[in-house]
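Work through the following exercises with the sequence and the coordinates open beside you.

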2 protein chains.
Amino acid sequence: MKEQIIRIMEQHRGSFVSGEELSRRLDVSRTAVWKHIAALREDGYEFEAVPKRGYRLVQVPERLRPERIRELLRTTTLGHTLHVYDTLDSTQTKAHELVAQGAQEGTLVIADRQTAGRGRMGRVWHSPPGAGIYMSLILKPRIPLQFTPQLTLLAAVALCRAIVRIARVPVGIKWPNDLLIGGKKICGILLESSAEDERLRYIVAGMGIGVNLLPDDYPPELRSIATSLAIEAGHRFEREVLIAAVLEEFEALYKLYDEQGFGPIRSLWEANSASLNRPVRVRTAQGELEGIAESLDDSGGLNVRLADGTMTKIFSGEVELR
Amino acid sequence: MKEQIIRIMEQHRGSFVSGEELSRRLDVSRTAVWKHIAALREDGYEFEAVPKRGYRLVQVPERLRPERIRELLRTTTLGHTLHVYDTLDSTQTKAHELVAQGAQEGTLVIADRQTAGRGRMGRVWHSPPGAGIYMSLILKPRIPLQFTPQLTLLAAVALCRAIVRIARVPVGIKWPNDLLIGGKKICGILLESSAEDERLRYIVAGMGIGVNLLPDDYPPELRSIATSLAIEAGHRFEREVLIAAVLEEFEALYKLYDEQGFGPIRSLWEANSASLNRPVRVRTAQGELEGIAESLDDSGGLNVRLADGTMTKIFSGEVELR
């Protein structure tokens, strides 16, 4: 039914089609037409609706073009096996399934929309179609389990560098892997890992970037805490360009990490940090604490100087900049 | 068909039933009878076969009794939710499914037999029915991902203490979690963990113990490297008693770990170690090295002193005692 509405509207591109005509041609009620239009809006279609004149198709959702990503890709491994979907519940879930089926390192899963996108701490990741990047990268680094959190920080640096290069906006990293512009979240990272005893088996690095979302695309509760590249830069970006840039930066850092360990990654993370040398409040499983975030620990933890001058290490927790 | 054979044999418990009679009563060929008898032997049934007289049922497989485990259990959490199966492909796989369905900390999965039991490094864990313990314990400790390998060591100490207490045999731990008697493996441990960024989500601690296996129960390639409690102690053990003891020891150490951290666990591991102060060869992802295993690292790694006197840390690898 939605496809039929789109076909009729595209035949009349630029002009209005009345609800009555749609109702007659599709042989459904006016209410049914209205419901399908509402569903199409959810899918990213934009309609102008004018009383007595009807509906006019203003914009069709922008589709991700896998061939364009391939054309732009300058990596040797990451993203060469590419699975692009219109809709997924979650690119993370799909990537885990692909690993179970034998997917290799560098395999990338992208969806134009997620119906149940996953964020940190069981939160939902808002994933409307046509305007964001929702992707999951499969990695199988041969590192001990203890070092896994270092890859969370590596991912944050890769995304930060790609965004700054393409969008020329000032991005800072909040420990461990939140990317912020002016205190608002521009990007979410979620590394899900699976290990056996002391050995890491694989990682699925989930990345969500608000690229071309406009303020109206956010639910009210997110407007004050989330932003997009389009909002910050004042213009739209080609999502495929950003995807290719993220993979390039990721691969370069991943190679550096493999060759030289965490040292250079730590320096880059610290250089791009929004949380160092600042007062922070940290919520951990053991309780809350306040102090000054001073540096990264060798294993990727955050060294926080407390009011009494002592230093404490945060391995896991939620950081709030004060 | 197998059930019918067992019913007939149990009616004639103690005496022989000829293959001809079985063939006639079941209305199948003699060859079919022979095949079903072979399959029943795989299931743990023992038959005496005498030419011209036929088959005599000598022993039926010992079944695990959940009610006996419950009766013996002295824990406050671990094992209180208990799933006991005759046959599973793998108790690990089932436990992961249960976590996805919301299973809580302490949930225990036991199978009398596994058809695809999993060992370390993708190896198969030999899991014949009636004689071994194959179980998976679900844990959701609130610890940072970096500390997960400490639980692998904790599991090894728990099993070691339970086995020594019940079977009075000399068990030593080979880093990280192999339990050995006289250089042969008595027990396998496999901790599969799932994490999100720097936070551990859950662990499935898989444990396999050769309890009442006899030398003939092992395939030839395992006879020189594996052993059982029955072989070592010279008599059979009640599996339920050992299961309850493992859970008790595990819970006590898990509580100690929660309250006091890794320190006391490390001391207990070192006290039960078969690999410390001994020459070892270690295969890691980066290559092989030889030295003397000196101590456990704070994070659970193995400190190895090389021939040139320098100390190196092993976070992941296979240790061979020399």
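**Exercise 1: Contacts across the interface**

Arg201(B) and Glu192(A) form a salt bridge, with their closest N and O atoms 2.9 Å apart; the term stands for a side-chain nitrogen of Lys or Arg within 4 Å of a carboxyl oxygen of Asp or Glu. The model is a predicted one, in which local features need pLDDT of at least 70 and side-chain atom pairs count only at pLDDT 80 or more, whereas totals for chains, interfaces and linings use all residues. Residues are numbered from 1 along each chain as its sequence is written, chains are lettered from A and ligands numbered from 1 in the order in which they are written, and side-chain values use heavy atoms, with hydrogens and water left out.

Task: Determine how many salt bridges there are between chain B and chain A, and which elements of chain B each supply at least two residues of the side that touches chain A.

Solution. Begin with the charged pairs: the count between chain B and chain A is six salt bridges. Next come the elements, where helices (H or I, at least four residues) and strands (E, at least two) are DSSP runs numbered from the N terminus: α6 (148-167), β8 (184-196) and β9 (199-210) of chain B each contribute at least two residues to the side that touches chain A. Of these, β8(B) gives the largest share, eight residues. Sorted by class, that side of chain B holds 13 nonpolar, 13 polar and eight charged residues, where Ala, Val, Leu, Ile, Met, Phe, Trp, Tyr, Cys and Pro count as nonpolar, Asp, Glu, Lys and Arg as charged, and the others, Gly among them, as polar.

**Exercise 2: Extent and symmetry**

Task: Find how much area is buried between chain B and chain A, and what rotation superposes chain B on chain A.

Solution. First, 34 residues of chain B are in contact with 34 residues of chain A, contact meaning heavy atoms within 4.5 Å. The buried area, which is the accessible area (1.4 Å probe) that two parts lose on being put together, summed over both, is about 2,700 Å², and carbon and sulfur atoms give 48% of it. Gln146(B), Asp197(B) and Glu198(B) supply 26% of the area that chain B buries against chain A, more than any other three residues.

Then superpose the copies by least squares on the C-alpha atoms of residues with pLDDT of at least 70 in both: a rotation of 180° with 0.0 Å of shift along its axis brings chain B onto chain A, with an RMSD of 0.1 Å. The two copies are therefore related as by a two-fold rotation axis. Since 100% of the interface residues of chain B are also interface residues in chain A, the copies meet through the same surface.

**Exercise 3: Strand pairing**

β1(A) and β2(A) form a hairpin with three residues between them, and Lys52(A) in the turn has a positive phi of about 75°.

**Exercise 4: Backbone in the loops**

Task: Locate the cis peptide bond of chain A and name the loop in which its proline is found.

Solution. The bond from Trp175(A) to Pro176(A) is cis, with omega near -5°, and Pro176(A) is found in the loop between β6 (172-174) and β7 (178-181) of chain A.

How values were computed:
Pairing = 2+ DSSP bridges.
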